[in-house]
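I opened my notebook to look up a few features. My notes follow the model below.

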Amino acid sequence: MTLTCLMYTVISFLAWRIFLRKPYTLFWHLAFIAATARWAFPWLGSGFISAPVMALLVEFSALGVIFFASMGHCFRANSERVLRYIFACAFVGCSVLVWSTLVSPHDGLRESAVPAVSAATAWLLALVIFRYRPEHLSADHALAAVLALFGVVQVLAATRAFGLGRIADVAALQAQQHVEMLTLPIAYIAISTLVLFVFVSDMSHKLRGMAVLDQLTGLLNRHGYEGLGQLAFSKALSGDRALSVVIADLDRFKAVNDRYGHAVGDKALVHFAQQLQTDRKQDDVVARIGGEEFLIVLPDTTLDEAERIADAIRLTTSASPVVDNVKPLTISASFGVAELSDEDDELSDMVARADRALYRAKRRGRNRVERAGQHALTLSETTLRRL
């Protein structure tokens, strides 16, 4: 069992170190370390440590498994209230262990302390997973169910252990310990395996997010916006509802990079992305589709409303300098807006017309908003280059 725990410890460390540098994954890794210690202590120190001290080390390491694993789940679910209950359970468990082992020896109380704490925390964590997770995944559901069942088993174990009395019969105490040696490894492997599945689910969710998100600004990238944007386009067509798009492009961005450096240019992009996200509705789609080019898809928004939104962003951008280590940098942007028309067969048709309006805004002096016409691009306009 020690080698199994060690294997889980190595896997959890790799998951934390390489993929998920989150506090909850670190606490789960510490729980695996404590589990390795719990099974290794009797094997490593049986000839050097007295029986009472060995019993304390084993039980304290078992409480460490419960405590660190519980903290990990609470951090993952952002559940501070349950975290306080976990601290209370751990404190009570440690106090009972010390009292029943060193102060007033009581075999039944000592043997029942860890199962009782395990049952309470298992049910608390099952509740945390079911009620507090923003996204319920299959691995979470399975883990919560196993924890709830484990809590029932631990209540039975605690009840049986407490019945041993102050001075347990040797045969009864050995029978209790044999039952634990048969049931705990199975429970540990089952719960640990499901925790690793949760690791995998979280890593998969993170990788999916990386595939559709721009890593600098946190907005959707071109791949991410195409799916959501096309969905908004289809809903607008089928429901005969308004739909508008806004294309924005930072003015003279190349000059910003050349003069101030790419680090400042990145700050400008992040700053502008924040302006685009301010006051957006839940259904609005905001994306970075090029180096300094951004797109907003606005469901249930007419052309006039989209123009007002774009102009508000334009004014806010000009009035809020980018904060740099040297001095504030004022930036501006040009905008093109287009509304869904009968001639649009795809979202790309709307985007093309908004792009045409953006070119016109650039030609007419930048830092302005231009409305798109209802017709397709002419060849001469599609060959224009940004000024």
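What order do the strands of the open sheet have? I read S2-S3-S1-S4-S5, an open sheet of 5 strands with mixed pairing. Strands are DSSP runs (E, at least two residues) and helices are too (H or I, at least four), numbered from the N terminus. Two strands pair if DSSP finds at least two bridges between them.

Before going on, I noted the ground rules. This is a predicted model: local features need pLDDT of at least 70, side-chain atom pairs count only at pLDDT 80 or more, and totals for chains, interfaces and linings use all residues. Residues are numbered from 1 along each chain as its sequence is written, and side-chain values use heavy atoms, with hydrogens and water left out.

I looked up the edges: strand S2 (285-288) and strand S5 (369-371) each pair on one side only. Strand S4 (residues 333-339) pairs with S5 in the parallel sense, over 3 bridges. There, glycine 336 stands opposite glutamate 370 in S5.

**Helices.** Next I checked helix H10 (residues 262-277) against helix H11 (residues 303-319). Their axes come within 10 Å and cross at roughly 145°. Axes are lines fitted to C-alpha atoms, for helices over the stretch in contact, and angles run from 0 to 180 degrees between N-to-C directions. I found Phe272, Gln275 and Leu276 in H10 meeting Ile313, Thr316 and Thr317 in H11 (contact means heavy atoms within 4.5 Å).

**Cysteines.** I searched the whole structure for disulfides (cysteine sulfur pairs within 2.5 Å) and got 0.
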